[in-house]
Amino acid sequence: MIHSFPKHPVLHVTFLCFVFSLCSARTVQIGDICSKHDNPSSCNTIILSVPGAIEGVDIGSASLYLINTAHVNAFDTITLISEIIRNSSDAQTKQRYSSCTMDYTDVLLALTQAKDSYSSGNYSDMNFNGAVVTKDVKDCDTKAYDSDQVRIDNQYLADFSMIIMILADFLAGKY
Ligand SMILES: *[C@@H]1O[C@H](CO)[C@@H](O)[C@H](O)[C@H]1NC(C)=O
Ligand SMILES: *[C@@H]1O[C@H](CO)[C@@H](O)[C@H](O)[C@H]1NC(C)=O
């Protein structure tokens, strides 16, 4: 894109962003994203689930897709947690998992905000909300020690949110 506008590349890119919303049309190699992730192999699997991903992904559409998918996954986990609460007759267990539900309510809010931040181009706030998700699932994890499935879900969502944070940094031009 820059090569076709040799005179004032930055100006033209900004102009294109404004007119055609092309600012996020930037392809990054999956390896460059996942090498920054704590769990590169999980990162790889998750990113390959993005439609159109082969060796690289468009970081803008991948961000939206992953935020939306994380939202759906978080909702499924809330359903699972409600079932655990309903099934249990132990007050302490019910309380632990109710607390997890609150963590996950916060996750849904953070993901909604991450999406808004993405849309408004506030990538530092998008990164911040990814970090909120990570913290919330870690909080839930300490209480859900007797549910393998919730802990698997927590780890999966933490892997998602780390990718969202990395993509936010790419979008912000840090890489
Ligand atoms: C809740 O109980 C039902 C009926 O016993 C069972 O089928 C289901 O798997 C249980 N769910 C959870 C999350 O433990
Ligand atoms: C980004 O979002 C944060 C939190 O909502 C806000 O405080 C900050 O002013 C925003 N930055 C820009 C550049 O809009």
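Q: How many helices and strands does the protein chain have?
A: The protein chain has seven helices and two strands. Helices (H or I, at least four residues) and strands (E, at least two) are DSSP runs, numbered from the N terminus.

Q: What should I know about the source and numbering?
A: This is a predicted model, where local features need pLDDT of at least 70, side-chain atom pairs count only at pLDDT 80 or more, and totals for chains, interfaces and linings use all residues. Residues are numbered from 1 along each chain as its sequence is written, while chains are lettered from A and ligands numbered from 1 in the order in which they are written.

Q: What pattern does the chain follow along the sequence?
A: The protein chain reads α-β-α-α-β-α-α-α-α.

Q: What share of the residues is buried?
A: Of the 175 residues of the protein chain, 33% count as buried. Buried is 20 or more other C-beta atoms within 10 Å of the residue's own, exposed is 12 or fewer, and partly exposed is in between; C-beta atoms are placed from the backbone.

Q: Where is Ile30?
A: Ile30 is in helix H2 (residues 30–34).

Q: Why does Ile30 count as buried?
A: Because Ile30 has 20 C-beta neighbours inside 10 Å.

Q: And which residues is Ile30 in contact with?
A: Leaving aside neighbours within four places in sequence, they are Asn44, Ile47, Ala53, Glu55, Gly56 and Val57. Contact means C-beta atoms, placed from the backbone, within 7 Å.

Q: On to H3. Which residues are buried there?
A: In helix H3 (residues 40–48), Cys43, Ile46 and Ile47 are buried. They are on the same side of H3, because they cover an arc of only 95 degrees around the axis. That arc is taken from the directions from the helix axis to the C-beta atoms.

Q: What do the buried residues of H3 pack against?
A: They pack against H2, strand S2 (56–58), helix H4 (59–87) and helix H7 (148–171).

Q: New topic: how many residues does H5 have?
A: Helix H5 (residues 91–120) has 30 residues. From first C-alpha to last, H5 reaches 44 Å, close to the 44 Å expected at 1.5 Å a residue. The expected span is 1.5 Å times one less than the number of residues.

Q: What comes just after H5?
A: Gly121, with a positive phi of about 75 degrees.

Q: Last one. Which residues surround ligand 1?
A: Leu80, Glu83, Ile84 and Asn87.

How values were computed. Near = placed C-beta within 6 Å. Contact = placed C-beta atoms within 7 Å.
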